[in-house]
Amino acid sequence: MINKHDDIIIETLSRLLTPFIQAFGLYVLCLGHYSPGGGFQGGVLVAASFILLVIAYDIKEAKSRLTEKWNIVLNSAGVFVYAGIGLLCLILGANFLDYSVLSKILPVGPEEARALGILGVEIGVEITVAACLVSIFLDLASRGEHEEALK
Amino acid sequence: MEIVTIIFVVSGLFFFFAASIGLLRFPDFYARMHATGKGDTLGALLVVVGLAIYTLFEGGFELESILTSIKIIFIAVFIFLANPTATHAIFKAGLDSGVVPWTKEGAR
């Protein structure tokens with residue numbers, strides 16, 4: 001946690017590398033069907049790109065890009081996506097997270113609906129893991145000083 | 001084309017070897033960082049480029065092997081960007097926390 005404008009080389013390079021790390025996180029997410037990877041690993045990569053920004057700049061600068069409020073919103077949105085897909089399967093008349101019935105509302109067959117359902121659940125996992133790891137890191141790095149959340 | 005791969009990988013291993021010797025033998029923090037920062041970057045770059053060439057020619061210029069080679073080249077590019085910057089960051093952290101550079105006794 002060095003100060004802002006402390007070192008121009010580290011700041012510039014971390015700013016340049018951050019979108020590539022995030023794109024790699026999405027690549028790992030999409031490749032999780034048939035190779036190592038998946039929602040958790042992609043989420044960890046997305047969180048790591050944010051942690052790189054915190055280390056290169058300072059916490060205030062990083063929090064201006066992802067505020068605590070939006071962090072909590074994203075944290076819940078991922079769980080909502082996961083549980084929403086599961087409950088959608090319940091509503092359509094199958095078990096919880098039984099994706100094959102999603103073919104009733106998607107224009108694909110049951111097998112492809114299963115793959116797409118897993119992809120949707122993995123997207124939810126990715127969002128939650130990224131936001132949750134960022135909030136854990138910010139709690140540890142700022143020694144528990146919540147600037148917005150406890151106001 | 002295997003001979004080109006062998007030349008690349010062996011020269012990369014030579015730089016890794018030199019970096020390891022520098023890490024073990026140099027007297028202080030800054031000199032060790034100097035050895036590993038440069039040697040690791042070039043060594044990893046040469047090994048990875050050698051593997052990319054091997055994949056390209058072994059796959060016979062099919063789409064799959066070209067894609068694999070491009071991914072390996074991406075790894076090389078990001079190592080080339082990130083490794084010197086990480087060395088710089090560790091160097092600067094050492095300087096900020098007051099590690100005194102080594103000097104030969106009697107000189108200065």
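1. Which helices each supply at least two residues of the lining of the second largest pocket? They are H1 and H2 of chain A together with H3 of chain B. Helices here are DSSP runs of H or I with at least four residues, strands are runs of E with at least two, and both are numbered from the N terminus.

2. On provenance and conventions, this is a predicted model, in which local features need pLDDT of at least 70 and side-chain atom pairs count only at pLDDT 80 or more, while totals for chains, interfaces and linings use all residues. Residues are numbered from 1 along each chain as its sequence is written, chains are lettered from A and ligands numbered from 1 in the order in which they are written, and side-chain values use heavy atoms, with hydrogens and water left out.

3. The second largest pocket holds about 360 Å³ of space. Its lining comprises 20 residues, and those closest to the centre are A:Ile10, A:Leu52, A:Ile55, B:Thr85 and B:Ala89. H3(B) gives the most to this lining, with 7 residues. By class, the lining of the second largest pocket has 13 nonpolar, 3 polar and 4 charged residues. Nonpolar covers Ala, Val, Leu, Ile, Met, Phe, Trp, Tyr, Cys and Pro; charged covers Asp, Glu, Lys and Arg; the others, Gly among them, are polar.

4. The largest pocket has a volume of about 500 Å³. There are 16 lining residues, of which A:Phe20, A:Phe24, B:Lys71, B:Phe74 and B:Phe78 are the closest to its centre. At least two residues of this lining come from each of helix H1 (8-30) and helix H2 (39-56) of chain A and helix H3 (63-96) of chain B. H3(B) again gives the most, with 8 residues. The lining of the largest pocket divides into 15 nonpolar, no polar and 1 charged.

5. As to pocket terms, a pocket is an open set of points on a 1 Å grid over the protein atoms alone, where a 1.4 Å probe fits, with protein on both sides within 12 Å along at least five of seven lines; lining residues have an atom within 4 Å of a point. Grid points are joined across faces, edges and corners, and a volume is the space filled by probe spheres set on the points.

6. A:Phe24 is placed in helix H1 of chain A. Why is A:Phe24 classed as partly exposed? It is so classed because its relative accessible area is 42%, given that buried means under 20%, exposed over 50% and partly exposed in between (1.4 Å probe, protein chains only).

7. A nonpolar surface patch is formed by B:Met1, B:Phe57, B:Phe61, B:Leu63, B:Ile66, B:Leu67, B:Ile70 and B:Phe74, with about 790 Å² of accessible area together. Its largest share, 5 residues, comes from H3(B). Patch residues have over 30% relative accessible area and no salt bridge, with nonpolar side chains (Val, Leu, Ile, Met, Phe, Trp, Tyr) joined within 5 Å.

8. B:Phe57 lies in helix H2 (residues 29-58) of chain B and counts as partly exposed because its relative accessibility is 37%. B:Leu67 belongs to helix H3 of chain B and is partly exposed at 42% relative accessibility.

9. Chain A contains 5 helices and 0 strands. Its C-alpha trace spans about 55 × 35 × 20 Å along the principal axes. Of its 151 residues, 36% count as buried.

Notes
Patches are made of residues with over 30% relative accessible area and no salt bridge: like charges are joined within 9 Å, nonpolar side chains (Val, Leu, Ile, Met, Phe, Trp, Tyr) within 5 Å. Accessible areas come from the Shrake-Rupley method with a 1.4 Å probe; for residues, only the protein chains shown count as cover. A salt bridge is a side-chain nitrogen of Lys or Arg within 4 Å of a carboxyl oxygen of Asp or Glu.
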